[in-house]
Amino acid sequence: MKTILYIVQKEFKQIFRNKGMLPIIFVLPLLQLVILSNAATFEVKHIKFGYIDKDRTSTSRALVEKFNASTYFDVLTNFPSEALASSAMLKGEVDVVLEIPHYFERDLQKEKYNTLGVTINAIDGAAAGVENVYVTQIVQRFNQNLKVELLQVSDQQIQPITIETIPLFWYNETLNYKTFMVPGILVLLVTMITLFLSGMNIVREKEIGTLEQINVTPIKKSQFIIGKLFPFWVIGMGLLTVGLILAKLIFHVPMLGSLPLMYLYTSIYILVILGIGLFISNFTETQQQAMFIAWFFTVIFILMSGLFTPIESMPKWAQLFTEFNPIKYFVEVMRMVMLKGSGFMDILPQLLKTLTYAVIMNGLAVWRYRKTT
Amino acid sequence: MNNNKVIQVEGLTKMFGYFTAVNAITFDVEKGEIFGFLGANGAGKTTAMKMLIGISNPNSGKAKVAGFDVFTHAEDIKKNIGYMSQKFALYDDLTVKENITFFGGIYGLSRKRIKEKSAVLIEELELEKVANKLVGSLPLGWKQKLSFSVSLLHDPKIVFLDEPTGGVDPITRRQFWEMIYKAADQGTTVFVTTHYMDEAEYCDRVSIMVNGKIEALDTPKKLKEQFKAETMNDVFLKLARG
């Protein structure tokens with residue numbers, strides 16, 4: 001036990017003495033939290049909108065006016081011809097082009113039916129889908145108004161029957177993306193910092209030759225490893241704390257669940273990450289190698305964590321793979337506890353899986369660590 | 001078994017793939033002896049030493065260090081030996097005192113003992129003025145002396161020194177050997193590798209390794225007689241050139 005304290009003491013001294021490292025550990029992640037949480041949004045706004053009005057009547061102008069009134073559509077350009085519109089789309093000057101045909105108003109009144117042409121730049125498929133929904137919604141609303149008007153002038157007997165769905169969004173009523181993203185990004189930061197620091201730390205001692213010196217002492221593997229990793233565990237927990245405070249102060253992310261529960265989960269989660277870091281450092285000889293391997297795993301873990309893309313929409317094999325992704329569990333737990341107010345029993349499955357993961361990872365890492373080669 | 005023999009090696013072999021780095025070496029080292037372990041670069045000195053200090057597993061042979069078998073009781077050996085590698089291996093980003101405290105601590109010395117030891121050590125090495133300076137800022141010679149003293153912190157029975165005076169000026173080299181003599185006088189066995197043949201003359205007995213084998217082993221005096229050479233330098237050249 002005393003031996004461990006000596007190592008912990010030494011590690012903290014080295015960490016806090018390293019003036020280049022301190023900002024990397026504490027300032028950069030929080031800066032990232034603030035920037036990423038504001039920037040990483042799935043909302044499609046500021047859509048560059050153009051139209052070709054061949055009808056030039058009060059109805060067509062009313063339709064264009066609908067788009068103008070929408071907060072999602074930004075620039076309104078009136079293109080005199082299709083050719084000009086398509087060349088503008090090619091240059092990226094416009095995302096959506098609405099084409100209103102000749103005799104739009106006349107046909108609508110006569111036949112109560114008409115078609116509009118909509119062209120959407122679909123290089124970003126997800127954004128195009130959202131844009132399509134917006135356009136459809138605006139046209140539908142325009143349609144309803146028009147129906148009512150048309151009905152008033154003609155057939156009084158048939159009442160328009162509209163079935164409307166009133167969506168209720170639970171847990172994040174205002175659909176605020178920051179509420180959704182901040183807990184997730186906090187997960188990433190805690191993960192990355194602890195993984196990189198622990199992965200590179202032991203390799204660094206290999207590089208400078210002090211590890212050999214340690215290996216000739218009678219120190220036990222477990223003492224050395226616990227002493228080495230404990231400081232990073234503390235840093236991880238510290239980072240979570242500062243991150244949560246920022247989430248509350250800057251982003252007003254709700255904290256519905258219990259804070260101690262969150263800390264309980266995180267304390268186990270960081271053990272998993274430290275185990276992975278240690279495992280990496282067992283197999284690498286230089287900090288550079290450790291860095292690349294750590295980076296490789298982080299990218300896969302992040303992209304398959306459900307943070308940016310829902311796991312439900314991944315193919316079956318990929319969903320199976322995410323079962324081995326610790327970040328996925330952390331993201332789930334963070335969102336559950338913070339946004340839904342989930343309790344201990346709700347997150348028990350994640351907690352148990354993470355605990356198992358921690359035991360296996362650290363077991364492997366300690367087993368693989370060799371004082372004698 | 002002779003209790004005076006602190007290192008007993010018989011047919012110790014280490015292979016890296018098909019390359020035999022250490023080829024069935026056999027020798028004994030007596031308590032309190034300064035044993036010079038010589039050889040050209042790549043002759044297998046460091047590999048042999050790493051097996052004796054329990055950080056490299058031998059492929060075959062027998063070896064006992066401080067009474068413990070290197071195959072089965074490597075961790076017990078580690079309690080009884082000190083080691084100074086050819087690469088400086090104290091922490092550059094810790095101060096002199098912090099390094100002493102850390103290594104004292106992991107060898108299990110009490111706080112009180114560490115304090116006493118570091119006071120004596122700092123005084124002997126005349127490091128009072130830099131005791132709270134980062135080790136990285138010290139000149140190489142000072143670092144090496146500190147490193148040697150740290151390897152003796154826990155009063156080991158045997159201390160292994162791997163080219164301790166490489167790159168060090170002649171005055172410091174001389175001081176270093178005075179320290180080695182002092183340790184030997186106090187009963188510590190010194191196992192030292194070196195490339196300086198004048199240093200080989202200071203040893204009680206010397207072995208010379210060539211291509212993984214020990215080709216000669218005796219006192220410097222007898223080796224010179226045996227090879228009809230004036231100095232150890234000539235002995236070494238005759239052997240190493242084959």
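Keep in mind that the model is predicted. In chain B, 6 strands make up an open sheet with mixed pairing. Between the chains, 19 residues of chain A touch 22 residues of chain B. Over in chain A, helices α10(A) and α14(A) pack with their axes 8 Å apart.

**The sheet in chain B**

- Reading across the sheet, the strand order is β6-β7-β8-β3-β9-β10.
- The edges belong to β6 (81–84) and β10 (213–218) of chain B; each has a single partner strand, so one side of each has no neighbour in the sheet.
- From one strand to the next, the twist averages 15°.
- Strands β3 (residues 34–39) and β8 (residues 189–194) of chain B run parallel and are joined by 5 bridges.
- For a spot to look at in that pairing, take Gly36(B), whose bridge partner in β8(B) is Val192(B).

**Helices on the sheet**

- Helix α6 (residues 170–185) of chain B lies across β3, β7 (158–162) and β8 of chain B. Its direction is at about 150° to β8(B).
- Helix α9 (residues 232–240) of chain B also packs on the sheet, where it touches β3, β9 (205–210) and β10 of chain B. The angle between α9(B) and β9(B) is about 25°.

**Where chain A meets chain B**

- On the chain A side, the elements giving two or more residues are α1 (2–17) and α8 (210–215) of chain A.
- Helix α1(A) supplies the largest share of that side, with 6 residues.
- By class, the chain A side splits into 10 polar, 5 charged and 4 nonpolar residues.

**A helix pair in chain A**

- Helix α10 (residues 259–283) and helix α14 (residues 344–368) of chain A pack at an angle of about 25°. Angles under 35 degrees count as roughly parallel, so that is how α10(A) and α14(A) run relative to each other.
- The crossing of these two helices, α10(A) and α14(A), is left-handed.
- On α10(A), the contact residues include Leu261(A), Tyr265(A), Ile268(A), Val272(A), Gly275(A) and Phe279(A).
- On α14(A), they include Phe344(A), Ile347(A), Leu351(A), Leu355(A), Ala358(A), Met361(A) and Arg368(A).
- Sorted by class, the contact of α10(A) with α14(A) comes to 18 nonpolar, 4 polar and 1 charged residues.

How values were computed. Residues numbered from 1 in each chain as written. Chains lettered and ligands numbered in written order. Predicted model: local features only at pLDDT ≥ 70, side-chain atom pairs only at ≥ 80, totals over all residues. Pairing = 2+ DSSP bridges. Helix = DSSP H or I, 4+ residues; strand = E, 2+ residues; numbered from the N terminus. Axes fitted to C-alpha atoms, helices over the stretch in contact; angles between N-to-C directions. Contact = placed C-beta atoms within 7 Å. Nonpolar A, V, L, I, M, F, W, Y, C, P; charged D, E, K, R; others polar. Parallel < 35°, antiparallel > 145°, perpendicular 65-115°, else oblique. Left-handed = near helix turned anticlockwise from the far one by under 90°.
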